[in-house]
Amino acid sequence: MSEKIYKKPLPKITRQSKPFWDAAKRHELMVQQCAECGWYHLPAAELCPKCSGELEWVHASGKGKVHTFTIFHVPYHPAFKDELPYNVSIIELEEGPLLLSNVINCKNEDINTGMPVQVTFEDVTPEISLHRFEPV
């Protein structure tokens with residue numbers, strides 16, 4: 001049986017973002033939290049942008065709401081051509097950080113700002129699982 005080749009762009013995993021992507025592979029959503037001020041943060045950083053405190057990785061609830069979204073009707077990358085139209089959504093996590101993703105298992109015309117969503121994961125390669133969100 002041959003493996004399906006994933007042709008869309010994949011995230012560039014850095015030393016800072018590796019814990020996030022390792023957790024996604026386990027189908028867990030992680031965010032950074034400041035050990036000093038308690039602020040939750042994404043994307044990965046060395047120090048808290050709010051107080052310069054030490055950041056640690058913690059589990060996120062996976063719950064959030066659509067903060068904003070757009071529907072793409074033009075394939076800005078050839079690998080997305082067969083999915084037109086598709087949404088690109090910014091999800092506001094319950095903990096506060098914003099996360100770029102897609103809303104799935106929902107018609108594009110049914111997506112709305114403030115819509116409650118829950119994380120799910122798509123295993124796209126043996127090494128990478130991507131976070132997606134679906135309506136609650």
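1. The sheet. Five strands make up an open sheet, ordered β6-β5-β4-β7-β8, with antiparallel pairing. Strands are DSSP runs of E with at least two residues, helices are runs of H or I with at least four residues, and both are numbered from the N terminus; two strands pair if DSSP finds at least two bridges between them. The edges are formed by β6 (98-101) and β8 (129-135), each of which pairs on one side only. From one strand to the next, the twist averages 35°. Angles run from 0 to 180 degrees between N-to-C directions, and axes are lines fitted to C-alpha atoms, for helices over the stretch in contact.

2. Basis of the note. This is a predicted model, in which local features need pLDDT of at least 70 and side-chain atom pairs count only at pLDDT 80 or more, while totals for chains, interfaces and linings use all residues. Residues are numbered from 1 along each chain as its sequence is written, and side-chain values use heavy atoms, with hydrogens and water left out.

3. Strand β4 (residues 63-72) pairs with strand β5 (residues 86-93) in the antiparallel sense, over eight bridges. Within this pairing, Lys-65 stands opposite Glu-92 in β5. Helix α1 (residues 18-25) lies across β6, β7 (116-123) and β8, and runs at about 65° to β8.

4. Trp-39. This residue is placed in the loop between β1 (30-34) and β2 (40-41). Trp-39 has a relative accessible area of 33% and is therefore partly exposed; buried means under 20% relative accessible area, exposed over 50%, and partly exposed in between (1.4 Å probe, protein chains only). Leaving aside residues up to four places away in sequence, Trp-39 touches Gln-32, Gln-33, Cys-34, Cys-48, Pro-49 and Lys-50, where contact means heavy atoms within 4.5 Å. The C-alpha atoms of Trp-39 and His-77 are separated by 35 Å, the two residues being 38 apart along the chain.

5. Cysteines. The structure holds zero disulfides, a disulfide being a pair of cysteine sulfur atoms within 2.5 Å. Cys-48 is buried, at a relative accessible area of 2%. For Cys-51, the closest cysteine sulfur is in Cys-34, at 3.5 Å, again too far for a bond. Cys-51 counts as partly exposed because its relative accessibility is 37%.

6. Aromatic pairs. The count comes to five aromatic pairs. Rings of Phe, Tyr and Trp (its six-membered ring) pair if their centres lie within 6.5 Å; planes under 30 degrees apart count as stacked, over 60 as edge-to-face and the rest as tilted. One of the pairs is Phe-20 with Trp-57, which is tilted, at 6.5 Å centre to centre and 50° between the planes. This pair links distant parts of the chain, with Phe-20 in helix α1 and Trp-57 in strand β3 (residues 55-59), 37 residues apart. Phe-20 is buried, with a relative accessible area of 7%, whereas Trp-57 is partly exposed at 23%. Phe-72 and Tyr-86 form a stacked pair, 5.3 Å centre to centre with 10° between the planes. Phe-72 lies in strand β4 and Tyr-86 in strand β5, so the pair ties together parts 14 residues apart in sequence. Phe-72 is partly exposed, with a relative accessible area of 23%, and Tyr-86 is buried, at 12%. Ring pairs also link Phe-72, Tyr-76, Phe-80 and Tyr-86 into a cluster.

7. Cis peptide bonds. Leu-42 and Pro-43 are joined by a cis peptide bond with omega of about 0°; Pro-43 is found in the loop between β2 and β3. The peptide bond from Leu-84 to Pro-85 is also cis, with omega near -15°, and Pro-85 is found in the loop between β4 and β5.

8. Positive phi. Ser-52 is not a glycine, yet has a positive phi of about 70°. Its place is in the loop between β2 and β3, and Ser-52 is exposed, with a relative accessible area of 53%. Asn-105, likewise not a glycine, has a positive phi of about 55°. Asn-105 lies in the loop between β6 and β7 and counts as exposed at 61% relative accessibility.
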